[in-house]
Amino acid sequence: MPELPEVETYRRFINEVAVGQTITGLEVRDAHVLAVPEDELRAALLGRTITGTGRLGKNCFLNLDNGRLLVLHFGMTGDIGAYRDAPDAPRFTRVAWQLSDSGLSLAFIDPRKFGRIRLADSAEAYQKAKKLGPDALQITTIELHQKLSRRKVFVKPLLLDQSLTAGLGNWIVDEVLFQAKIHPERLGNSLLERETTALHAAIQVVLTTAIQHEANYRHFPKEFLIHAREWDDSATPGSDAHTFCPRHPKVKIEKFYVGGRATYTCPKCQPTPAVSSATESQVALPETK
DNA sequence: ACCCATGTTCTTTG
DNA sequence: TCAAAGAACATGGG
């Protein structure tokens, strides 16, 4: 779940809990999430003071007093927490940093261990090394249009590509395309300027709204498509309101796969592109069963 | 017991 | 060189 809004929420939490404090201990419960040898991490962190935090896309930075950075990437299931006594450590805490004056430990929680902890010399160096594009909250309409118009690829995978812009994940891309009324299988170079403008505006709205609600999906505005995603079923058992478009109460939200990722759209808001070799061959294929 | 989900990276195939 | 598809990673939850 950790896309840009979650990571921004984690960053703010870390800012509250850890900035100004010195790292006095490092506890590695599962080295799997370390992308740096434990010894190196320990040597780089112990005795260092955390001077601030930063974020680029889905990556969270803890600035150290020597200019270097501790970089956290949360994978698919990462989270951040804090605890005082070892028995109170959150379930699935993989790594923890002991903080000097609060007596708290900051926990890197990650059940599925796709998250990674690394070090970097600077945000710029990290951005370059990981080939990250501009943050999704920073990219301009013009930049977005230029990058999309160069590519003859479905717009959804393009928006998920962290080198194009950093921070958008699966549900946000669906939400943004829904808000901008663009089908996920439109080709990047087929988008009109006014569509890219709408897309850019939607990215801003969806991200800032999600951050305002601390990425708590249940509290998002009812006109958001996210309420139609399957995992919301459990929140509203017995209700099928969520399977309909927020703008068209009689139109059912469709689910299919784009680039291997579960994708939700409103067929009325987001018309299927007229010409595309991919859709043609799909239509031509006989239905099995 | 099986399938799904999430993000990234790598491999294969065209 | 690029694009697209698939797999792998790890594992809890439905």
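Arginine 151 touches Leu158, Gly188 and Asn189, leaving aside residues up to four places away in sequence; contact here means C-beta atoms, placed from the backbone, within 7 Å. This is a predicted model: local features need pLDDT of at least 70, side-chain atom pairs count only at pLDDT 80 or more, and totals for chains, interfaces and linings use all residues. Residues are numbered from 1 along each chain as its sequence is written, while chains are lettered from A and ligands numbered from 1 in the order in which they are written.

**Arginine 151**
- Arginine 151 sits in the loop between helix 4 (141-149) and helix 5 (155-160). Helices (H or I, at least four residues) and strands (E, at least two) are DSSP runs, numbered from the N terminus.
- Arginine 151 counts as partly exposed because it has 15 C-beta neighbours inside 10 Å. Buried means 20 or more other C-beta atoms within 10 Å of a residue's own, exposed 12 or fewer, and partly exposed in between, with C-beta atoms placed from the backbone.

- A residue is near a strand if its C-beta atom, placed from the backbone, lies within 6 Å of it.

**DNA strand B**
- Of the 15 residues around DNA strand B, the nearest are Lys58, Met76, Gly169, Asn170 and Ala262.
- Helix 6 (170-179) and strand 10 (261-265) each give two or more residues to this surface.

**Chain A overall**
- Chain A has eight helices and ten strands.
- Of its 289 residues, 36% are buried.

Note on methods
Contact = placed C-beta atoms within 7 Å.
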